[in-house]
Amino acid sequence: MATSNAVHFWLRDAAQVMADHSAELNELDRAIGDGDHGSNMSRGLESALTIPIDAELLPKDALKQVGMALVSTVGGASGPLFGTFFLRVGQYWESPPTTDSIARAVRAGVDAVMSRGKAVEGDKTMVDALAPAAASLEDSALRQLPLVEALALGAQAAADGAQSTLDMVARRGRASYLGERSAGHLDPGAISSSLILASAARHIG
C-alpha cells in the first residue's frame, strides 16, 4: 500500500530524473525539434523539488502544483500538455491509490492530453507512451493485479511505446514539418513520458 507521501517522493524523483536526462532529451529533440525539450522539462519539474516530504500536502495538491508549474514555465507545446496530464491525474487521484483508481486517473490524463494536443497513437508524440500505459493499467485493473505489479507493467508499456516512435513519421508538432525525415528518431516527449511513469512505478504502490 502506498504511503500518503509516496506521490511527493515520486514527483521529486521525476524532477531529478529529468535533470539527469536533460542533455539526452535535448539531443533527441535537436534531431526533430528545437533541441530544448530536456532543459524545458527539467525547468518545469523543478518545482517538485520544493515539495515537502510529509503528509501535510495532499497528493492531489502536489500533482496540481507540478502541473501548474509546467503550464506556466515551459514554452511551446510540452508545458501545457505535460501540465494538463499532471493536473488531470491530480483531479482523479484517490488516497490511498489502488490499481483501479490509478488506471482511471492515468486514462483521464491521457484523454486530456489527446484532446488538447489533437494527437492520437501513431502520431509520434507523448501519447505513444502514455496511451499504452493507460491501456496496460486498465487491463491490470480488470485482472485485479496488485498496484505495484500494475505500475511496473504500465511503465514497461510506456517504455515500449516510446521506443516504437523510432520508425514513425511525425504527424503532430514541430517534428511533423520534417515529414518522412522524422522517421529514424525517437520522440523526446514520449521518452520523457516513459521516464516519468518509470519513476512513478518506483515510488507508488
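Which residues does Ser-194 touch, not counting residues up to four places away in sequence? I found that Ser-194 touches Ala-129, Ala-158, Ala-159 and Ala-162, where contact means heavy atoms within 4.5 Å. I noted that this is a predicted model, in which local features need pLDDT of at least 70 and side-chain atom pairs count only at pLDDT 80 or more, while totals for chains, interfaces and linings use all residues. Residues are numbered from 1 along each chain as its sequence is written, and side-chain values use heavy atoms, with hydrogens and water left out.

Ser-194 is found in helix H9 (helices are DSSP runs of H or I with at least four residues, numbered from the N terminus). I listed Ser-194 as buried, because its relative accessible area is 9% and buried means under 20% (1.4 Å probe, protein chains only).

Next I looked at how H9 meets helix H1, residues 6–20: the two pack at an angle of about 145 degrees, with their axes 9 Å apart. The axes are lines fitted to C-alpha atoms over the stretch in contact, and angles run from 0 to 180 degrees between N-to-C directions. On the H1 side I noted Phe-9, Trp-10 and Val-17 among the residues that meet H9, and on the H9 side Leu-195 and Ile-196 are among the partners. By class, this contact has 9 nonpolar, 3 polar and 2 charged residues; Ala, Val, Leu, Ile, Met, Phe, Trp, Tyr, Cys and Pro count as nonpolar, Asp, Glu, Lys and Arg as charged, and the others, Gly among them, as polar.

Note on methods:
Buried < 20%, exposed > 50% of the residue type's maximum accessible area, 1.4 Å probe, protein only.
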